[in-house]
Amino acid sequence: MLRTSQVKFSGKYIVIISLLLVITAGVIYTKIIGRISINMDTCIKGKLFYVKYIKGLSQLRDNDYVTFLFKGNKILHKNTRLIKFVGCMPGERIITVGLKYYCINKRGKHYLGRACTKAIPKCPKHIAFNQIVPKNKLFAIGTAANSYDSRYWGFVNSKSITGRAYKIF
(Lines give C-alpha, C1' and ligand atoms only; values in the text may rest on other atoms or scores of the structure.)
Protein backbone atom coordinates (compact mmCIF):
# COMPACT_ATOMS: atom_id res chain seq x y z
CA MET A 1 0.00 0.00 0.00
CA LEU A 2 1.38 3.46 -0.99
CA ARG A 3 1.65 6.21 1.51
CA THR A 4 0.68 9.80 0.66
CA SER A 5 4.33 10.94 0.79
CA GLN A 6 5.30 8.24 -1.72
CA VAL A 7 2.57 9.38 -4.15
CA LYS A 8 3.73 13.02 -3.92
CA PHE A 9 7.32 11.92 -4.42
CA SER A 10 6.31 9.96 -7.53
CA GLY A 11 4.37 13.01 -8.78
CA LYS A 12 7.56 15.13 -8.64
CA TYR A 13 9.32 12.59 -10.84
CA ILE A 14 6.44 12.65 -13.34
CA VAL A 15 6.64 16.46 -13.54
CA ILE A 16 10.44 16.39 -14.00
CA ILE A 17 10.25 13.67 -16.65
CA SER A 18 7.46 15.54 -18.45
CA LEU A 19 9.53 18.74 -18.50
CA LEU A 20 12.56 16.88 -19.84
CA LEU A 21 10.43 15.32 -22.59
CA VAL A 22 9.01 18.72 -23.60
CA ILE A 23 12.51 20.28 -23.71
CA THR A 24 13.90 17.34 -25.69
CA ALA A 25 11.00 17.51 -28.16
CA GLY A 26 11.61 21.25 -28.59
CA VAL A 27 15.30 20.74 -29.32
CA ILE A 28 14.56 17.96 -31.81
CA TYR A 29 11.85 20.08 -33.47
CA THR A 30 14.16 23.08 -33.98
CA LYS A 31 17.00 20.92 -35.30
CA ILE A 32 14.89 18.88 -37.72
CA ILE A 33 11.89 21.00 -38.62
CA GLY A 34 12.64 24.65 -37.82
CA ARG A 35 11.98 27.56 -35.52
CA ILE A 36 10.46 31.04 -35.43
CA SER A 37 13.02 33.84 -35.30
CA ILE A 38 12.52 37.52 -34.51
CA ASN A 39 14.79 39.85 -36.46
CA MET A 40 15.87 42.83 -34.36
CA ASP A 41 18.20 44.18 -37.05
CA THR A 42 17.22 46.89 -39.55
CA CYS A 43 19.53 45.52 -42.26
CA ILE A 44 16.90 43.08 -43.55
CA LYS A 45 13.27 43.88 -44.29
CA GLY A 46 11.07 41.75 -42.10
CA LYS A 47 10.70 41.15 -38.39
CA LEU A 48 9.39 37.60 -38.11
CA PHE A 49 10.92 34.63 -39.93
CA TYR A 50 10.43 30.91 -40.02
CA VAL A 51 13.89 29.32 -40.11
CA LYS A 52 14.28 25.80 -41.47
CA TYR A 53 17.39 24.06 -40.24
CA ILE A 54 19.80 23.19 -43.08
CA LYS A 55 23.48 22.35 -43.36
CA GLY A 56 25.58 23.66 -46.20
CA LEU A 57 24.59 25.30 -49.45
CA SER A 58 22.65 22.60 -51.29
CA GLN A 59 19.20 23.94 -50.32
CA LEU A 60 19.99 27.61 -51.01
CA ARG A 61 19.55 29.75 -54.13
CA ASP A 62 20.20 33.39 -55.01
CA ASN A 63 17.91 35.79 -53.14
CA ASP A 64 17.02 33.27 -50.43
CA TYR A 65 17.23 34.43 -46.84
CA VAL A 66 19.98 32.59 -44.99
CA THR A 67 20.88 32.41 -41.30
CA PHE A 68 24.42 31.79 -40.17
CA LEU A 69 26.79 32.25 -37.26
CA PHE A 70 29.15 35.15 -37.87
CA LYS A 71 32.87 34.39 -37.64
CA GLY A 72 33.50 37.42 -35.41
CA ASN A 73 35.63 40.56 -35.69
CA LYS A 74 36.05 43.98 -34.01
CA ILE A 75 32.49 45.02 -34.87
CA LEU A 76 30.43 41.87 -34.18
CA HIS A 77 31.03 39.07 -31.70
CA LYS A 78 31.84 35.54 -32.79
CA ASN A 79 28.76 33.33 -33.29
CA THR A 80 26.34 36.25 -33.62
CA ARG A 81 23.37 34.80 -35.56
CA LEU A 82 22.65 36.87 -38.68
CA ILE A 83 19.96 36.84 -41.37
CA LYS A 84 20.96 38.08 -44.83
CA PHE A 85 20.14 37.49 -48.50
CA VAL A 86 22.16 35.11 -50.62
CA GLY A 87 23.69 37.56 -53.07
CA CYS A 88 26.05 35.24 -54.93
CA MET A 89 26.56 31.47 -54.83
CA PRO A 90 29.69 29.36 -55.38
CA GLY A 91 30.81 29.43 -59.00
CA GLU A 92 29.16 32.80 -59.68
CA ARG A 93 31.25 35.96 -60.17
CA ILE A 94 31.09 38.81 -57.67
CA ILE A 95 32.39 42.16 -58.92
CA THR A 96 32.67 45.66 -57.52
CA VAL A 97 32.39 48.69 -59.81
CA GLY A 98 33.16 51.78 -57.76
CA LEU A 99 30.98 51.24 -54.70
CA LYS A 100 28.40 49.07 -56.50
CA TYR A 101 28.28 45.28 -56.12
CA TYR A 102 27.08 42.87 -58.80
CA CYS A 103 26.68 39.12 -59.11
CA ILE A 104 27.16 37.64 -62.57
CA ASN A 105 25.62 34.23 -63.19
CA LYS A 106 23.83 32.31 -65.95
CA ARG A 107 20.85 34.67 -65.72
CA GLY A 108 22.97 37.80 -66.23
CA LYS A 109 24.42 40.65 -64.17
CA HIS A 110 22.45 41.47 -61.00
CA TYR A 111 22.86 44.59 -58.88
CA LEU A 112 23.23 43.68 -55.19
CA GLY A 113 23.81 46.99 -53.49
CA ARG A 114 26.25 49.76 -52.79
CA ALA A 115 28.95 50.09 -50.15
CA CYS A 116 28.66 52.94 -47.70
CA THR A 117 30.97 55.93 -47.97
CA LYS A 118 33.02 57.77 -45.41
CA ALA A 119 30.16 60.30 -45.25
CA ILE A 120 28.30 57.75 -43.10
CA PRO A 121 29.67 57.69 -39.52
CA LYS A 122 31.49 54.48 -38.58
CA CYS A 123 31.42 53.20 -42.16
CA PRO A 124 33.77 50.19 -42.31
CA LYS A 125 36.18 49.72 -45.19
CA HIS A 126 34.56 47.70 -47.97
CA ILE A 127 36.21 44.89 -49.93
CA ALA A 128 36.47 45.23 -53.71
CA PHE A 129 35.75 41.94 -55.50
CA ASN A 130 36.39 40.65 -59.00
CA GLN A 131 36.37 36.92 -58.53
CA ILE A 132 34.43 33.69 -58.64
CA VAL A 133 32.77 32.87 -55.31
CA PRO A 134 34.81 29.91 -53.95
CA LYS A 135 33.39 26.46 -53.36
CA ASN A 136 31.59 26.15 -49.98
CA LYS A 137 31.25 29.95 -49.63
CA LEU A 138 28.56 32.50 -50.41
CA PHE A 139 28.24 36.27 -50.61
CA ALA A 140 25.59 37.46 -48.12
CA ILE A 141 24.04 40.90 -48.29
CA GLY A 142 21.44 42.93 -46.42
CA THR A 143 18.67 45.04 -47.92
CA ALA A 144 19.55 48.28 -46.12
CA ALA A 145 22.22 50.66 -47.39
CA ASN A 146 24.03 50.49 -44.04
CA SER A 147 23.88 46.68 -43.75
CA TYR A 148 27.02 45.11 -42.32
CA ASP A 149 27.53 42.16 -44.64
CA SER A 150 29.90 40.41 -47.07
CA ARG A 151 30.82 43.78 -48.62
CA TYR A 152 32.80 44.44 -45.44
CA TRP A 153 33.84 41.04 -44.06
CA GLY A 154 33.96 38.72 -47.07
CA PHE A 155 32.37 35.37 -47.80
CA VAL A 156 30.27 33.21 -45.48
CA ASN A 157 31.60 29.68 -45.00
CA SER A 158 29.04 26.92 -45.62
CA LYS A 159 29.92 25.41 -42.23
CA SER A 160 28.53 28.57 -40.55
CA ILE A 161 25.08 28.26 -42.16
CA THR A 162 22.34 27.33 -39.71
CA GLY A 163 19.19 27.69 -41.79
CA ARG A 164 17.13 28.99 -44.66
CA ALA A 165 14.78 31.73 -43.50
CA TYR A 166 11.29 32.53 -44.82
CA LYS A 167 9.85 35.97 -44.09
CA ILE A 168 6.47 35.83 -42.36
CA PHE A 169 6.14 39.63 -42.04
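Which residues does L138 touch, not counting residues up to four places away in sequence? The contacts of L138 are L57, L60, V86, C88, V133, S150, F155, V156 and I161, where a contact means heavy atoms within 4.5 Å.

Before we go on, a word on what you are looking at. This is a predicted model, in which local features need pLDDT of at least 70 and side-chain atom pairs count only at pLDDT 80 or more, while totals for chains, interfaces and linings use all residues. Residues are numbered from 1 along each chain as its sequence is written, and side-chain values use heavy atoms, with hydrogens and water left out.

Back to L138, then. L138 belongs to strand β9, residues 137–141; helices (H or I, at least four residues) and strands (E, at least two) are DSSP runs, numbered from the N terminus. L138 is buried, its relative accessible area being 0%. Buried means under 20% relative accessible area, exposed over 50%, and partly exposed in between, with a 1.4 Å probe and protein chains only.

Seven strands make up an open, antiparallel sheet, and their order is β1-β2-β11-β3-β4-β9-β10. Because β1 (35–38) and β10 (156–157) each have a single partner strand, they stand at the edges, and one side of each is left without a neighbour in the sheet. Two strands count as paired if DSSP finds at least two bridges between them.

Four bridges connect β1 with strand β2 (residues 48–53) in the antiparallel sense, and here I38 stands opposite L48 in β2. Next, β2 runs antiparallel to strand β11 (residues 161–167), with five bridges between them; K52 is found opposite R164 in β11. On we go to strand β3 (residues 65–69), which is joined to β11 by four bridges, again antiparallel. In this pair, Y65 faces A165 in β11. As you follow the strands, keep in mind that side chains in a regular strand alternate between the two faces of the sheet.

Most residues other than glycine have a negative phi. N63, in the loop between β2 and β3, has a positive phi, near 75 degrees. N63 is exposed, with a relative accessible area of 56%. N136 sits in the loop between β8 (130–132) and β9, and its phi is also positive, near 65 degrees. At 40% relative accessibility, N136 is partly exposed.
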